Amino acid sequence: MNRQTSGKSRLFFIEFLIVLFFFLIIGTVCLRVFVAAHRVTQNADALSHAQTAAASIAEVLEAGESIEDYFPEAVLLSSTDDDQSRDYQITWDGDFAACDADSDSAAYTLTISLDTEDHTQKAVITCTDYTDETIYELSVTCHLPLTREEVLS
C-alpha cells in the first residue's frame with residue numbers, strides 16, 4: 001500500500017509541473033502582447049501630438065503670423081540677414097510639455113525650416129523623437145500678401 005501512495009504522489013507532482021510550465025508559457029506570451037500593445041499606444045500618442053503641433057504651426061504660417069507670438073517656447077536656431085530663411089526648434093519631454101533642448105527629459109523635437117522667396121513662404125515642419133527618428137513631416141507653401149508700399153510702387 002505504501003508503494004501505491006508513492007506512485008500517486010509522483011504522478012501528481014509531474015502533472016503539477018506540466019500545468020505550471022503551461023501557465024508559464026502562456027504568461028510569457030501574454031506579457032509580450034501587452035508590451036507590444038503599450039509600444040503601439042505610445043507611438044500613436046506621439047504621432048497624434050506631432051500632427052496636431054505641425055498643423056497648428058502650419059495654420060499660424062498660413063495666417064501670416066509670427067511663430068514667436070503663438071509659440072513662445074520656439075527657439076530661433078538660425079536666420080539669414082534679410083530673414084529670407086529661418087529655422088526654429090521646439091523641444092518637449094515625454095508628456096509633451098515644453099522643455100529645454102539640453103534637458104535630460106527632452107524626448108521630442110519639432111523643427112521648422114522657413115524659406116521666403118518672391119512672396120511665397122515654404123516651410124518644412126519635422127517632428128523627431130530622441131533617437132532622431134522622424135515621427136511626422138509636413139511641407140507647407142503659402143502666399144504672402146503684398147504690402148501697401150509694394151502695391152503702390
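**Chat about a helix-and-sheet model**

Mentor: Buried residues make up 24% of the 153 residues in this protein. Keep in mind that the model is predicted.

Trainee: OK. How many helices and strands does the protein have?

Mentor: There are 3 helices and 5 strands.

Trainee: In what order do the elements run from the N terminus?

Mentor: They go α-α-β-β-β-β-β-α.

Trainee: What does the C-alpha trace span along its principal axes?

Mentor: About 115 × 25 × 20 Å. The radius of gyration is 29 Å, while a compact globule of 153 residues would have one near 15 Å.

Trainee: What holds strands of a sheet together, in general?

Mentor: Strands of a sheet pair through backbone hydrogen bonds.

Trainee: Back to this one. How many bridges are there between β1 and β2?

Mentor: Strand β1, residues 75-79, pairs with β2 over 4 bridges, in the antiparallel sense. β2 and β3 pair over 8 bridges, also antiparallel. Then β3 and β4 run antiparallel and are joined by 10 bridges.

Trainee: Which residue of β2 stands opposite S78?

Mentor: D87 does. On the β3 side, D87 stands opposite S113.

Trainee: What about T111, which residue in β4 is its bridge partner?

Mentor: T126.

Trainee: Which residue takes a positive phi in the hairpin of β1 and β2?

Mentor: D83, with a phi near 60°. That hairpin has 5 residues between its strands.

Trainee: How many residues of β2 are buried?

Mentor: 6 of its 8 residues, so by the cut-off of under 20% relative accessible area, β2 is mostly covered.

Trainee: New topic: the core. How many residues does the largest nonpolar core have?

Mentor: It has 24 residues, and those with the most contacts inside it include I57, I67, I90, W92, L110, I112 and I125. The elements that give two or more residues to this core are α1 (2-62), β2 (85-92), β3 (108-117) and β4 (120-129).

Trainee: Which element gives the most?

Mentor: α1, with 8 residues.

Trainee: Pick I125. What does I125 touch?

Mentor: Leaving out residues up to four places away in sequence, I125 touches A54, I57, A58, L110, T111, I112, Y136, E137, L138 and V140.

Trainee: Last one, T128. Where does T128 lie?

Mentor: In strand β4.

Trainee: Is T128 buried or exposed?

Mentor: Buried, because its relative accessible area is 13% and the cut-off for buried is under 20%. With residues up to four places away left out again, T128 touches A107, Y108, T109, E133, T134 and I135.

Trainee: And for the whole protein, how many contacts join residues at least 24 apart?

Mentor: Among contacts between residues at least 6 apart in sequence, 33% do.

Note on methods
Residues are numbered from 1 along each chain as its sequence is written. This is a predicted model: local features need pLDDT of at least 70, side-chain atom pairs count only at pLDDT 80 or more; totals for chains, interfaces and linings use all residues. Side-chain values use heavy atoms; hydrogens and water are left out. A nonpolar core is a set of buried Ala, Val, Leu, Ile, Met, Phe, Trp, Tyr and Cys residues joined through side-chain atoms within 4.5 Å. Buried means under 20% relative accessible area, exposed over 50%, partly exposed in between (1.4 Å probe, protein chains only). Contact means heavy atoms within 4.5 Å. Two strands pair if DSSP finds at least two bridges between them. The radius of gyration is taken over C-alpha atoms; the globule rule is 2.2 Å times the number of residues to the power 0.38.
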